[in-house]
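I opened this entry to work through helix packing and the core. My notes follow in the order I looked things up.

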Amino acid sequence: SQTRLDASGNDSTGLESLSDPQPPPSATEVIPNGGYGWTVVASCSFLLFWINGYTTAWGVLQTAILKSPNLNTNVRTITFVGSLYMACMVAFGIASIRVMRSFGVRYTALAATTVFGVGLIATSFTLDHLGGLFCIAGLLVGVGTSLLYTATNSLTLQWFSSQLGIANGVVKAGGGVGATVLPLAAQALIDKFGLEWTFRVLGILIMATGIPCTLLLKERATTGTLSRFDWSLLKNVPFLTLTMAGAVGVFALFVPP
């Protein structure tokens, strides 16, 4: 190779250009955009089927709970059990992300599905006790679904880039199907087996079908250092506006059920 003078007057060879560092690929270029990601999408979709399905079926379940002769309460009070469940599902979102990063999505989703199913089975034994309903059906099931909801909504980001919209659409479609089917199924179970066994059947089905789905979940790459919440966002007007709009939208969405 020919020798040339650089800007400082030193000799350098043309071969040095071969060792020049290349810029690293962008984040979207290294995402496989499919492959095993479709298995992850199918699993997340089925798990969201149970989460959204149970959420919208609560209206049917609470109507049956109010008919219990040993439970001295009214519809406004029992509605707050479902509200606590849904509030926990959202409120523990940041904590759920930290748990998922610490233990991995598979173990987190496995524990969450177990808590979800066991929580519904335990609820069947607390239908005559308002405090038990708040603690089990509200708090415990809410924490379990928060962990599961966070996993199903964040994992597709690791597997898709240009097809992320399609992948997320398939995941959300599973939740839509569950929201349509499960209220009808819950009413049919109540009519045939009673309220106690409806909760037990739902809990058993969630674990029997959900646990295999959690075992199929896979992270493409482990995340690095845990991030802290950026408190400066609370001074960002667009962020606050979007947050308030989301709160109003979700409130109006779940009050009717």
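**H1 against H2**

I noted that H1 and H2 are roughly antiparallel to each other. Their axes lie 10 Å apart and the packing angle is about 165°, and an angle over 145 degrees counts as roughly antiparallel. I read the crossing of H1 past H2 as right-handed. From H1, the contact takes Ile51, Tyr54, Thr55, Trp58, Gln62 and Ile65. H2 answers with Val75, Ile78, Thr79, Val81, Gly82, Tyr85, Met86 and Met89. I sorted the residues of this contact into 10 nonpolar, 4 polar and no charged.

**The chain as a whole**

This is a predicted model, and I kept that in mind throughout. I found 8 helices and 2 strands in the chain. Along the sequence the order is β-β-α-α-α-α-α-α-α-α. The chain has 257 residues, and 37% of them count as buried. I also looked at contacts with a separation of 6 or more: 80% of them join residues 24 or more positions apart.

**H4 and its neighbours**

Next I took helix H3 (residues 93–103) with H4. Their axes come within 6 Å and cross at roughly 125°. That makes H3 oblique to H4. Val99, Met100 and Phe103 of H3 make the contact with Val105, Tyr107 and Thr108 of H4. I counted 5 nonpolar residues there, 1 polar and no charged.

Then I turned to H4 (residues 105–123) and H5 (residues 130–154). The two axes come within 8 Å and cross at roughly 155°. H4 is therefore roughly antiparallel to H5. The crossing of H4 past H5 is left-handed. On the H4 side I listed Val105, Thr108, Ala109, Ala112, Thr113, Val115, Phe116, Gly119, Leu120, Ala122 and Thr123. They meet Leu133, Ile136, Ala137, Leu140, Val141, Gly144, Thr145, Leu147, Leu148 and Ala151 in H5. The residues of this contact divide into 15 nonpolar, 6 polar and no charged.

**The nonpolar core**

Which residues touch the most other members of the largest nonpolar core? I found Tyr54, Ile65, Phe116 and Phe199, out of 50 residues in that core. Helix H1 (37–65), helix H2 (75–91), H4, H5, helix H6 (164–193) and helix H7 (195–216) each supply at least two residues of this core. H1 gives the largest share, 15 residues.

I followed Phe116 further. Leaving aside neighbours within four places in sequence, I found Phe116 in contact with Trp50, Ile51, Tyr54, Val141, Thr145, Leu148 and Ile206.

**Thr156**

My last stop was a loop residue. Thr156 is found between H5 and H6.

Conventions. Residues are numbered from 1 along each chain as its sequence is written. This is a predicted model: local features need pLDDT of at least 70, side-chain atom pairs count only at pLDDT 80 or more; totals for chains, interfaces and linings use all residues. Side-chain values use heavy atoms; hydrogens and water are left out. Axes are lines fitted to C-alpha atoms, for helices over the stretch in contact, and angles run from 0 to 180 degrees between N-to-C directions. Helices (H or I, at least four residues) and strands (E, at least two) are DSSP runs, numbered from the N terminus. Angles under 35 degrees count as roughly parallel, over 145 as roughly antiparallel, 65 to 115 as roughly perpendicular and the rest as oblique. A crossing is left-handed if the near helix is turned anticlockwise from the far one by less than a right angle, and right-handed if clockwise. Contact means heavy atoms within 4.5 Å. Ala, Val, Leu, Ile, Met, Phe, Trp, Tyr, Cys and Pro count as nonpolar, Asp, Glu, Lys and Arg as charged, and the others, Gly among them, as polar. A nonpolar core is a set of buried Ala, Val, Leu, Ile, Met, Phe, Trp, Tyr and Cys residues joined through side-chain atoms within 4.5 Å. Buried means under 20% relative accessible area, exposed over 50%, partly exposed in between (1.4 Å probe, protein chains only).
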